[in-house]
Amino acid sequence: MTIQKIIEQSILVKQDILKSEDFIQRINKSIEVIVEAYNKKGKVLFCGNGGSAADAQHLAAELSGRFYFDRPPLSAEALHVNTSYLTAVANDYSYDKIFERMVEATGKAGDVLVGISTSGNSDNICKAMLKAKELGMINIALTGKSGGKMKDLADILLNVPSCDTPRIQESHIMIGHIICEKVEQALFGNENR
């Protein structure tokens, strides 16, 4: 496959999202629930494996650091960043429990959990989402086309219309950046934008 064809495929997935009013409404709903959580002194927790873990960490940093302009930090954390915790829980319990236990430890009603999985079938994320529901948190799922098992656990499903992992991940980071930008604008205004 040529470089041009790969770029074209990435653009086509994003165009499908752009054309879907329903998908845009689900992105807007995600922004609304995150803004509401922050207005109530809540937090946003992110979880993912592999490339999705990198996206989780990236998006948590955009919220807790800054996105477009200097402003107060927002409470956001990727649940895999403490390697001592991660390896201890994976060893003592199982890898499937790593996110669930951290959600139980830090989550509360009204907080938001963003689970990121291209397949939508990651057991450790599904368990975290079940725990989040039990605590009264709001679940946002970033997945591929089918939504996998996560579609039934999500309050808001952002299922990218593709089955190709790299194209899904490229759209996940785009959607995440949109959410971070619009949350920042809603909470702090449109400084310099």
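Guide: A polar contact is a pair of N or O atoms within 3.5 Å; within protein, one must be able to donate a hydrogen and the other to accept it, and residues adjacent in sequence count only if both atoms are side-chain atoms. Here the side chains of histidine 80 and glutamine 57 form such a contact, at 3.0 Å. This is a predicted model, in which local features need pLDDT of at least 70 and side-chain atom pairs count only at pLDDT 80 or more, while totals for chains, interfaces and linings use all residues. Residues are numbered from 1 along each chain as its sequence is written, and side-chain values use heavy atoms, with hydrogens and water left out.

Visitor: Where does histidine 80 lie, and which residues does histidine 80 touch, not counting those up to four places away in sequence?

Guide: Helices (H or I, at least four residues) and strands (E, at least two) are DSSP runs, numbered from the N terminus. Histidine 80 sits in the loop that joins strand E2 (76–78) to helix H4 (83–92). Contact means heavy atoms within 4.5 Å. Beyond residues up to four places away in sequence, histidine 80 touches Ala53, Ala56, Gln57, Leu86 and Phe99.

Visitor: Does histidine 80 count as buried or exposed?

Guide: Buried means under 20% relative accessible area, exposed over 50%, and partly exposed in between (1.4 Å probe, protein chains only). Histidine 80 counts as buried because its relative accessibility is 13%.

Visitor: Which other loop residues can be read in this way?

Guide: Threonine 118 belongs to the loop between strand E3 (112–116) and helix H6 (123–135). With a relative accessible area of 18%, threonine 118 is therefore buried. Leaving aside neighbours within four places in sequence, threonine 118 contacts Ser52, Thr143, Gly144, Thr165, Ile168, Gln169 and His172. Lysine 41 is found in the loop between H2 and strand E1 (44–48). Lysine 41 has 73% relative accessibility, so this residue counts as exposed. Although lysine 41 is not a glycine, its phi is positive, at about 65°.

Visitor: How does one read a nonpolar core, and which residues of the largest one touch the most other members?

Guide: A nonpolar core is a set of buried Ala, Val, Leu, Ile, Met, Phe, Trp, Tyr and Cys residues joined through side-chain atoms within 4.5 Å. The largest one has 33 residues, of which Ile34, Phe46, Leu158, Ile175 and Val183 touch the most other members. Helix H2 (residues 21–39) gives the largest share of this core, 8 residues. Apart from it lies another core, of 22 residues, including Leu86, Phe99, Val103 and Ile125.

Visitor: What does isoleucine 175 contact beyond its neighbours within four places in sequence?

Guide: Isoleucine 175 is in contact with Ile17, Phe23, Ile27, Leu142, Leu158 and Val160, leaving those neighbours aside.

Visitor: How many cavities of 30 Å³ or more does a search of the whole structure find?

Guide: On a 1 Å grid over the protein atoms alone, a cavity is a set of points where a 1.4 Å probe fits but cannot get out; lining residues have an atom within 4 Å of a point. Grid points are joined across faces, edges and corners, and a volume is the space filled by probe spheres set on the points. The search finds 1 cavity of 30 Å³ or more. The largest cavity has a volume of about 60 Å³.

Visitor: Which residues line the largest cavity?

Guide: Its lining consists of Ile34, Phe46, Leu59, Leu63, Val114, Leu142, Gly176, Ile179 and Cys180. Helix H3 (51–64) and helix H7 (165–188) each supply at least two residues of that lining, and H7 gives the most, with 3 residues. For classes, Ala, Val, Leu, Ile, Met, Phe, Trp, Tyr, Cys and Pro count as nonpolar, Asp, Glu, Lys and Arg as charged, and the others, Gly among them, as polar. The lining has 8 nonpolar, 1 polar and no charged residues.

Visitor: Where is leucine 63 placed, and what does leucine 63 contact?

Guide: Leucine 63 is in helix H3. Its relative accessible area is 2%, so leucine 63 is buried. Leaving aside neighbours within four places in sequence, leucine 63 is in contact with Tyr38, Phe46, Arg71, Pro73, Leu74, Ala76, Cys180 and Val183.

Notes
1 Å grid on protein atoms, 1.4 Å probe; cavity = no way out; pocket = protein on both sides within 12 Å on 5 of 7 lines; lining within 4 Å.
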